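Hi there,

Here is the structure I promised to pass on to you. Have a look at it first, and then read my notes below.

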Amino acid sequence: MTALVTRGLTKRYDGVNVVDSLDLTVNHGELYGFLGPNGAGKTTTIRMALGLIFPSGGEVELLGEPMFRRGRDHALRRTGALIEEPAFYRFLSGRRNLEAFARAGGDGEEARRRLSRIDEVLEQVGLSPAGDKRVKAYSQGMRQRLGIALALLGRPEVLVLDEPTNGLDPAGMREVRLLLRRLADGGTTVFVSSHLLAEVEVMCDRVGVLSRGRLVAEGPPGNLRGGAEHLRIEVGDPERAAAILRALAGVAGIEGEGRVLRVHLDGANPAQVNAALVSGGVAVSALVSERDTLEDVFMSLVEGSGVQG
Amino acid sequence: MFRVELMKAWRRWRTYLLAAALGGIPVLIVIAVKLSPPTSADSGDAPPFLFQILRNGLFAPLTGLAVIQPFFLPLAAGLLAGDAVAGEAQAGTLRYLLVRPVARTRLVLGKYGAAMALLGLLLLWVVGCGAFWGGVVFGFKPLPTLSGTTLSVAQASLRILAAAGYILLGVSGIAAIGVCISTLTDSGPGAIVATVILGITSEIVDQIPNLRVIHPYLPTHGWLAFTDLFRFPVEWGGMRGGVLISAAYTAVFLTVALVSFSRRDVVA
Ligand SMILES: Nc1ncnc2c1ncn2[C@@H]1O[C@H](COP(=O)(O)OP(=O)(O)OP(=O)(O)O)[C@@H](O)[C@H]1O
Ligand SMILES: [Mg+2]
């Protein structure tokens with residue numbers, strides 16, 4: 001079964017498709033990284049997936065239930081979410097907040113199960129000592145942890161987390177990564193958005209890259225990087241070297257940073273590059289073949305930096 | 001939803017401030033009357049009940065109700081109903097309630113129910129504070145009605161509770177308007193202020209003779225009819241009208257709130 005499916009999902013704001021014909025499929029039990037620069041449409045997609053905002057077109061299915069029909073509540077009950085940032089009643093303690101959200105959904109068996117898990121989830125996010133403090137007095141990282149605790153409270157089959165490591169210290173980030181990995185290994189589906197490539201790369205089974213509301217790439221982090229390689233070359237005269245290489249067949253592109261050039265190859269091999277430079281009279285002090293990182297792929301996919309919108 | 005709302009109110013300073021302000025009013029009245037017994041000469045511009053409170057502690061809760069109604073009641077309705085959904089939106093907790101999930105209909109109705117319950121508790125609190133301090137300072141005696149007959153202490157107490165009940169029904173329309181405004185904005189204070197202003201404007205318009213044609217349709221028009229409970233025999237006409245108007249406002253504005261909220265994008 002698939003945990004989350006979107007078909008042709010579109011959201012238009014002021015005539016612009018902020019999410020544009022998005023087709024996503026997140027399988028049961030996988031840890032899916034949803035990557036994209038600021039303004040790419042990640043949060044908007046997540047809001048539609050959880051039924052908070054209505055799509056301009058297309059559809060969403062969460063745990064097999066169409067989001068904008070009757071079965072949605074059944075699906076939402078089995079889902080935990082962190083949307084954009086955590087939000088709590090500031091005048092209540094962390095523990096009482098979890099209690100309030102547990103009870104708000106009704107007072108049956110399900111609410112009781114959530115109530116009985118409060119200590120456990122506080123422990124899981126390392127918040128046990130601060131559970132009885134008012135949220136007013138929490139640091140940003142503590143609020144973030146409480147947000148994750150709330151998402152975990154219902155022992156969800158699907159976790160939808162929008163930038164869960166936002167505001168966490170490095171140790172906290174690592175804890176969260178390990179926690180998500182552990183949950184996914186235990187069968188929970190985790191859909192996590194991020195702009196932190198390194199984070200997504202080390203923990204996710206599959207990554208989708210969103211740019212201007214469109215999915216521009218998708219696959220396991222390893223595949224996404226592909227076999228693409230580039231050469232890192234240190235030379236005495238970078239301008240001359242660039243001119244020589246531009247004339248060489250099988251070179252796809254050259255970027256320079258001072259005396260270091262990054263040469264993307266498309267057919268040529270490192271030996272040919274070296275030979276061409278040396279015969280052209282350029283002193284080569286270092287030549288290393290490097291695999292493209294996810295960052296390289298990402299930057300080329302999302303076309304530069306800055307806010308999208 | 002409803003129970004959680006009461007739990008939240010219980011742990012909020014605001015609730016106690018409101019209770020202190022409202023409960024303090026009958027107490028202030030008792031103190032004021034005790035310190036400077038009004039003579040019949042200057043009772044002309046004092047509220048009608050104020051003169052007789054001197055002789056009877058039962059007047060304290062009744063005067064308390066009459067005094068809080070024009071201003072503090074719309075204020076309380078604004079704070080409780082106006083903030084109901086908008087306050088959650090502003091805090092960001094609205095989206096977490098909706099994905100919990102709390103059905104949108106249940107959320108709006110639960111919020112309205114909780115606001116009404118708290119308004120009812122506040123009114124009881126005012127009656128309680130007035131009865132306690134009025135009783136301690138002046139003692140209870142049979143209550144003269146506006147028609148010259150008297151009510152026994154037990155009968156009068158029942159009528160005072162009935163008056164509180166009628167006042168609660170009277171404010172239900174304003175509370176529904178408040179909840180409706182609350183679903184349309186993400187600003188808690190904005191919705192509170194809008195609700196209070198609408199309530200008070202309605203009362204002001206109700207005082208302008210030139211606008212007499214619309215008076216019967218104002219949500220606050222029937223508010224003072226609770227005094228008819230203290231006539232002999234009781235005149236039901238004014239109160240029946242007041243209840244009908246409140247019911248109409250409640251039905252219309254709750255429907256608008258439910259419909260608009262059910263298709264609104266929740267981005268806050
Ligand atoms: N309510 C709204 N009205 C108008 N435009 C909106 C609204 N919400 C989002 N947008 C626009 O939609 C685009 C996508 O926003 P979204 O919040 O989904 O981005 P994001 O990928 O989550 O970015 P970030 O990484 O900064 O969180 C942005 O250009 C934003 O300006
Ligand atoms: Mg976002």
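In chain A, strand E4 (residues 57-62) and strand E5 are antiparallel and are joined by 2 bridges. Leu62(A) has Glu65(A) in E5(A) as its bridge partner. Two strands count as paired if DSSP finds at least two bridges between them; strands (E, at least two residues) and helices (H or I, at least four) are DSSP runs, numbered from the N terminus.

A note on the source: this is a predicted model, where local features need pLDDT of at least 70 and side-chain atom pairs count only at pLDDT 80 or more, while totals for chains, interfaces and linings use all residues. Residues are numbered from 1 along each chain as its sequence is written, chains are lettered from A and ligands numbered from 1 in the order in which they are written, and side-chain values use heavy atoms, without hydrogens and water.

The open sheet in chain A has 4 strands in the order E2-E1-E4-E5, with antiparallel pairing. Strands E2 (16-27) and E5 (65-66) of chain A each have a single partner strand, so one side of each lacks a neighbour in the sheet.

Now to chain B: Asn56(B) sits in the loop between helix H3 (48-52) and helix H4 (59-68). Asn56(B) counts as buried because its relative accessibility is 2% (buried means under 20% relative accessible area, exposed over 50%, partly exposed in between, with a 1.4 Å probe and protein chains only). A polar atom of the Asn56(B) side chain lies 2.9 Å from the backbone nitrogen of Leu58(B), and one lies 3.2 Å from the backbone oxygen of Pro142(B).

Enjoy exploring!

Note on methods: Polar contact = N/O pair within 3.5 Å; in protein donor to acceptor, adjacent residues only side chain to side chain.
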